Structures are given as C-alpha cells and as structure tokens.
Amino acid sequence: MVARLFRTAFLVCIFSTLGFAYLDYLEPGFVGFVFSVYWWLAAAIVFGVLWGVSEKKQVVSGLVTRYSLFATLVLGLALAGIVWHNGEVFGDFRLLLAVCIATMPSFLYRTL
C-alpha cells in the first residue's frame with residue numbers, strides 16, 4: 001500500500017514537472033513568477049527513492065546483475081565525459097564534479 005502511494009506521488013510530481021516546465025518554456029515566467037518548477041522535481045526525486053526502497057526488487061540471476069553493472073558503468077562514464085567536456089566554466093571543480101557524476105548511476109541503481 002505504501003509503495004503504491006509513493007509511486008502515485010512520484011508519477012504526479014514527474015508529470016507536473018514536465019507540464020509546468022513546458023508551460024514555462026512556451027511563456028517564460030508564466031510559472032516561474034509564482035513558484036519554482038524545481039521544487040516539483042525535488043519532490044519527484046524524493047518520492048522516487050522512497051518508492052524504490054519500499055519495493056524489494058529481487059534479481060532473477062547473476063546475469064541481470066552483470067548487465068546492469070555494465071550499463072551503469074557505461075552510463076556513468078558517458079555522463080562524466082559530457083560533464084568534463086562541457087564543464088570548463090567550473091574550473092578546478094570540474095574534476096570533482098565529473099567523478100561525482102560518474103558514480104551517480106551506480107549509486108542510484110543500488111538505491112532504487
């Protein structure tokens with residue numbers, strides 16, 4: 001029951017974020033003057049983590065674990081490469097930011 005509540009809240013927050021962001025894109029300031037769209041995104045992240053923790057997902061075999069580990073590794077390296085390439089603005093902080101982004105997919109996969 002709790003997992004369904006978290007799932008519903010997650011989906012509402014995600015679709016609300018997308019809808020409000022689209023409205024703000026069409027008419028700049030239409031939503032942004034009233035409230036920040038990023039609060040909906042933060043709530044979606046919180047409810048997504050709670051939904052993932054509340055459901056105990058079982059791994060069918062070791063093969064699924066290897067593929068998911070490989071996928072998170074490749075995704076993390078790709079995201080770190082993008083951040084490194086486009087992160088000249090961050091200066092010396094760029095290396096730390098790229099390392100954090102490289103570990104993020106693996107961390108999120110294990111959390112969810």
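1. A residue is termed buried under 20% relative accessible area, exposed over 50%, and partly exposed in between (1.4 Å probe, protein chains only). Cys13 counts as buried because its relative accessibility is 6%, while Cys100, at a relative accessible area of 37%, is partly exposed. A search of the whole structure for disulfides (a pair of cysteine sulfur atoms within 2.5 Å) returns 0.

2. The model is predicted: local features need pLDDT of at least 70 and side-chain atom pairs count only at pLDDT 80 or more, whereas totals for chains, interfaces and linings use all residues. Residues are numbered from 1 along each chain as its sequence is written, and side-chain values use heavy atoms, with hydrogens and water left out.

3. The chain has 4 helices and 0 strands, where helices (H or I, at least four residues) and strands (E, at least two) are DSSP runs numbered from the N terminus. Of the 112 residues in the chain, 19% are buried.

4. Helix H2 comprises 17 residues, 38-54, and should span 24 Å at 1.5 Å a residue (1.5 Å times one less than the number of residues). The end C-alpha atoms of H2 are 24 Å apart, which agrees.

5. Ala44, Gly48 and Gly52 are the buried residues of H2. They cover an arc of only 60° around the axis (taken from the directions from the helix axis to the C-beta atoms), which puts them on the same side of H2. An α-helix has 3.6 residues a turn, so residues three or four places apart point the same way.

6. Phe30 lies in the loop between helix H1 (2-26) and H2.
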